[in-house]
Every structure is written in structure tokens, then in C-alpha cells.
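Open the model in your viewer and keep the selection tool at hand. The stops below say what to select next and what is there.

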Amino acid sequence: MSKYKIGLFGFGCVGQGLYKTLSENNADAEIVKVCVKNKEKERSIEAEKITYDAAEVLGNKDINIIVELIDDPKAALEIVRAALKKGKAVVSANKKMVAENLDELIALQEEYKTPLLYEGAVCGSIPIIRNLEDYYASERIEEIKGIFNGSSNYILTKLFQEGKSYEEALGEAQANGFAETDPTLDVGGFDPKFKLSIILQHAFGIRQHPENIFNWGIQSITEKDIAFAKERNLKIKLLAKGHFDGKVLSTLVAPHFIDEQNPLYHVENEFNCVLINGKYASDQTLIGKGAGSLPTGLAVLSDVIALTQGYTYRYKSADFTSGSSLSVEVYLSFNNIEDIDKNVFTSISESYVGSDYGYIIGKIDLKALQELLANANGVNAVFTSGKQAEIEIPNLTYSYAS
């Protein structure tokens, strides 16, 4: 009989992945109860293990590990709070819940001497948090960045490699279980923002609430933006970035132009990639599937096994100043030049204006860019070069004529 009894909340994509990976591994843990909402849905688990009452799981004295895998962040927080207060170890894959409430969750762990692990909330099968906590514990990390969202990367792969429309690529991602019915969190850059917020805590010891991280997604990318990139042998990737120089932290999530010398150029489909730059180890690259039932289920299982071995996070802390007023260089495309105030740019290196499309490449304050994107219609931004980017865009003549 297993020593560790799991009470599972949610039996969707990730829950089923956990159930399969756990059943095929010789782990000293077993799922004894699964709490779900939908009473009509058929489940691929024994009926006697199903319950619709959260109290039946949280109040079960035999259950010593709670695994929270539901999609409602508010309900997830209530479950995690209750479990920690009852002295039950917790595993969660809800990145929004963790990112927005990490201060409280750290405090609860300290007060009740009960661990919470959440590797499955960040970058799917890539063990980034465990690496940051253990392998890089003595490293002075200067920058961490990469592709943190498998759904958006899958869509971008289809746009560039297969010439599919955004709508076609999104539909395929949803059909394969890589994107939700409402894809806003993924394509809007919110999902990688939550993940970045969590990673910052473990990479730098810095608590940066997600609401203070700039994010712009791929939802406004047009065929002309794709053509612009292809003309220059570039790809567009949705990147999350955190740079810390020991005093100032600069963060953002946005599409970037990437050239073929960059390792991120070759990361396709639902794969994620994390690049770590440190003082001693220099550049390190971690690649793995960032979406899907089994990869994420495996990440959750690794946390469960870690709990059975007494593993906990060590939360270091660092003082910092936010670098949100950073000047960045972007490619800004638009339908109508009248919607763009050129005065917000501190410098412009290239521009084109046609009858129904144009672009400006220039430097702009990040806060000014955020305001521009929020108030203009038919506008898209892709980061190009400067402190936060990888490459310089060659000054070539664009082929779209007015």
C-alpha cells in the first residue's frame, strides 16, 4: 500500500496526464480521490474515486498530498489555502493563481510548515524551477528569457512554416489540446507573463507581480508582418524576458524578431525553450514540450515524487528597482498612419507608409508603447533590437507598394 495518498482536484488534460504517468511509474503514491464539477462527463478512472464535494478530499485524514489542476484561479487559491492550513502538502499547475498570490502562498508555507510545489505551472516538461533552486543556487544569474508558451509557439510555427492563417493555426492548436477555447491567456502574452513572474522569484529572489510586467501577444500579427520577417530571413517568437544587473530588473513579454543564429529560431511547435545567462556558467539552454497532457502531467508527477522525498523550495530575496521605463526598439505596423503619433518615438531608423499598411522601426519608451498599443486600432508591435533584443534588422526596401 502506498504511503502517500493523493487528493486530486480536476481531471482534465493535465489531470489525466498525471493519472497515466503515475500509473506507469513505480512511485510511492496513489490517487485515492478525484474532485470534479461535471457530473455528466465520463471519466477514465474508477467511479468510486470520483467525488463532487471538495470537503470530502480536503477533510480526508488519509490524504497527505493535494494536487490542484483546475482552471479557475480563484477556486484554486481557496483549495490551496485550505490544504496548506490543514497541513497537507500541495502541488499546483495553475500559473495565474501562483503568480498573482505568491506572497501569500510563501507566507502560508512558512506559517504552517507545509510545502507547495508548482513546476507544472511553468514551461511544461522543462524542470526550470528545480534547476534554478538547486543547480543554479550558487550562480549569479543575469538574464533569463525564452519561449514560455507552447500554444503561441505552435501557432507561429504554422504561420511561418506552412503559411496558414492565424485563424487556421489557432483552430489547429485548439484541436490538438495546445490552446483553450478562449485562447486570450496564451496568444495575448498573459500566460508567459504569469510564468515569468514565478521564474523571477526563483532566478533572482525578486517578487514582481504580473500586473507590473509589460505584455503584448501575437493576436495582432498580420500576413504583412509575417512577410516582413520572411523577407529578412527572420522569424517571430513570443518571448518572456527578465534581466537583472544586481540593482535594476527589466521585464517584458512580447513578440521578437529572431535570426537563424539565435537558438530560439529553431524551437518550433509546442516546444518551450529557456535561456539562462549567468556570471559563471554563461549561456545555458533548456528545451522541452511546453504543452500537452503527458509533458505537463509528468511535471506534476515530478513534484509529487519530490514531496515524497521531503523537497521544498528555498525562497531567497533581493532588493531591486523596476526598469519598466526602459527604452526599446520596435517594429510598429499599422493600417493608418493617422493613428500613430511619431513624436512618441525618441528616434526612427526606418519607416514605410502605404495606402493600407505601414511600419515604423524606432526607439520608444516602454510605457509610451504600452499606451499607444492600448489606444490605437490595427496596430502591432514586434521587438527588434536594443538592450532587450537579439538582432539588428537590415535596412531593406519593403515590397508592399501604396
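**Stop 1: Lys235**

Select Lys235 and follow its side chain, which reaches the backbone oxygen of Tyr265 at 3.1 Å. This is a polar contact, meaning a pair of N or O atoms within 3.5 Å; within protein, one must be able to donate a hydrogen and the other to accept it, and residues adjacent in sequence count only if both atoms are side-chain atoms.

The model is predicted: local features need pLDDT of at least 70, side-chain atom pairs count only at pLDDT 80 or more, and totals for chains, interfaces and linings use all residues. Residues are numbered from 1 along each chain as its sequence is written, and side-chain values use heavy atoms, with hydrogens and water left out.

Is Lys235 buried or exposed? Lys235 is buried, at a relative accessible area of 13%. Buried means under 20% relative accessible area, exposed over 50%, and partly exposed in between (1.4 Å probe, protein chains only). Leaving aside neighbours within four places in sequence, the residues in contact with Lys235 include Phe160, Gln161, His256 and Phe257; contact means heavy atoms within 4.5 Å.

**Stop 2: strands β9 and β10**

Lys235 is found in strand β9. Helices (H or I, at least four residues) and strands (E, at least two) are DSSP runs, numbered from the N terminus. Select residues 235–244 for β9, which pairs with β10 in the antiparallel sense over 10 bridges. Two strands pair if DSSP finds at least two bridges between them. Within this pairing, Lys237 has His256 of β10 as its bridge partner. Three residues lie between the strands of this hairpin, where Gly246 takes a positive phi near 100 degrees.

Next select residues 248–258, strand β10, where 10 of the 11 residues are buried. Which other strands pair with β10? Strand β8 (residues 214–215) runs parallel to β10 and is joined to it by two bridges; the partner of Phe214 is Leu252. Strand β13 (residues 321–322) also pairs with β10 in the parallel sense, over two bridges, and Val248 stands opposite Thr321 there.

**Stop 3: helix α10**

Finish with residues 190–204, helix α10: its 15 residues reach 21 Å from first C-alpha to last, close to the 21 Å expected at 1.5 Å a residue. The expected span is 1.5 Å times one less than the number of residues. Helix α10 is largely enclosed by the rest of the structure, because 14 of its 15 residues are buried. Step on to Gly205, which follows α10 and has a positive phi near 75 degrees.
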